[in-house]
Amino acid sequence: MRLSAFAGNAEVKYELAEAMSRRSLPHAIIIEGDKGCGKKTLAGILASYAVCSAEGERPCGVCSSCIKAKKGIHPDIVTLDGEVSGGLSVAAIREVRTAAYIKPNEAANKVYMLFNCEKMLPAAQNAFLKVLEEPPGNVMFILTAASSSALLQTVRSRSRILTLYPPPPSEAADLLGERFPEMDRRKITEAAENAGGNIGVAAELLQSGGDEDRRLAEEIFGAVFLSAEYPLLLLTSRLASDRSFAVKVLDRLCEITADCLRAALGAKCASEKARRLSDRLSARRIETLLKNARRARSVLDINVNLSFYGTWLSGVLRSDGTGG
Ligand SMILES: [Zn+2]
């Protein structure tokens, strides 16, 4: 895929296109944004650019390097994923550090893509910092995270941070139409709307056929701001039976809340739906909910007892940040 085909995010694309035309992309780039907003897609475009052998516009998409990159088999593009156990451990990062100084196999550059860096522990980040401090000339590091705030300031300050937002739902719908040509256009438009333009989330909605997790997350969001405690407790108790469902609902809740925060702060990129939901709420209140929802989501990564989770979650989500 070429950079110009990447959805929305005009400012990011402009900056990258400029740097690409000068053949001077930064050594380290952090791509941040919600799940489904295209972080890995953009990382793939940058990686292809770095290994592409074309004289003109890169990535050309047709040279053998671009084709290998697309298939995920280019020897100079290494992917590590924090979602994989030990993927971004200290040992894994030390290996990267050593290998980064060895010259590329066949391309002019080497690329290390580190996905889901919110899972990279401080010790691993410190190990990574050593190579960032003296980066080999022909190596590019591309990190992705929901939020770059998960990374140490020392790592952030040595990287260029790019923030991705979903494109307008209409643009998302056009792209989804190309990806799912056989699907009913009305369904696609609806999914794009419900996902607030987030293409990954919309694609998931279309493929799963249902969006129970999204509906429940929206109901939870609404109930948090009602004065009665009972409806929220009733909703969160529905998470007790199935961990993967609970994870999905919490992911959706974080997405919806982040989108509402953007709306409350007046950002153009927020969806209409988020604008309606956040209508009568202060940005500060939404920010507190986002912090609480992220905390509750991270708790699901450890082996918590799900039968108590609903009750605990109800309390956490209602907390206004003034208590402990
Ligand atoms: Zn190429």
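Colleague: Hey, which residues does Leu114 touch, leaving aside those up to four places away in sequence?
Modeller: This is a predicted model, by the way. In it, Leu114 touches Leu80, Leu88, Phe141 and Leu143, with residues up to four places away in sequence not counted.

Colleague: Okay, and how many residues are in the largest nonpolar core?
Modeller: That core has 48 residues. Leu114 is one of those with the most contacts inside it, along with Leu46, Ala47, Val111, Met113 and Ile142.

Colleague: Which helices and strands each supply at least two residues of this core?
Modeller: On the strand side, they are strand 1 (28-32), strand 2 (77-81), strand 3 (110-115) and strand 4 (139-145). The helices are helix 2 (39-51), helix 3 (64-71), helix 4 (90-100) and helix 5 (122-133).

Colleague: And which one gives the most?
Modeller: Helix 2 does, with eight residues. There's also a second, separate core of 30 residues, and Ala223, Leu235, Ala270 and Tyr309 are among them.

Colleague: New topic: at what angle do the axes of helix 8 and helix 9 cross?
Modeller: Helix 8 (residues 185-194) and helix 9 (residues 199-208) have axes that cross at roughly 130° and come within 8 Å. That angle makes helix 8 oblique to helix 9.

Colleague: Is the crossing left-handed or right-handed?
Modeller: Right-handed, as helix 8 passes helix 9.

Colleague: So what residues meet there?
Modeller: From helix 8 you've got Lys187, Ile188, Ala191, Ala192 and Asn194, and they meet Ala202, Leu205 and Leu206 in helix 9. By class, this contact has six nonpolar residues, one polar and one charged.

Terms used:
Residues are numbered from 1 along each chain as its sequence is written. This is a predicted model: local features need pLDDT of at least 70, side-chain atom pairs count only at pLDDT 80 or more; totals for chains, interfaces and linings use all residues. Axes are lines fitted to C-alpha atoms, for helices over the stretch in contact, and angles run from 0 to 180 degrees between N-to-C directions. Helices (H or I, at least four residues) and strands (E, at least two) are DSSP runs, numbered from the N terminus. Angles under 35 degrees count as roughly parallel, over 145 as roughly antiparallel, 65 to 115 as roughly perpendicular and the rest as oblique. A crossing is left-handed if the near helix is turned anticlockwise from the far one by less than a right angle, and right-handed if clockwise. Two residues are in contact if their C-beta atoms, placed from the backbone, lie within 7 Å. Ala, Val, Leu, Ile, Met, Phe, Trp, Tyr, Cys and Pro count as nonpolar, Asp, Glu, Lys and Arg as charged, and the others, Gly among them, as polar. A nonpolar core is a set of buried Ala, Val, Leu, Ile, Met, Phe, Trp, Tyr and Cys residues joined through C-beta atoms within 7 Å. A residue is buried if 20 or more other C-beta atoms lie within 10 Å of its own, exposed if 12 or fewer, and partly exposed in between; C-beta atoms are placed from the backbone.
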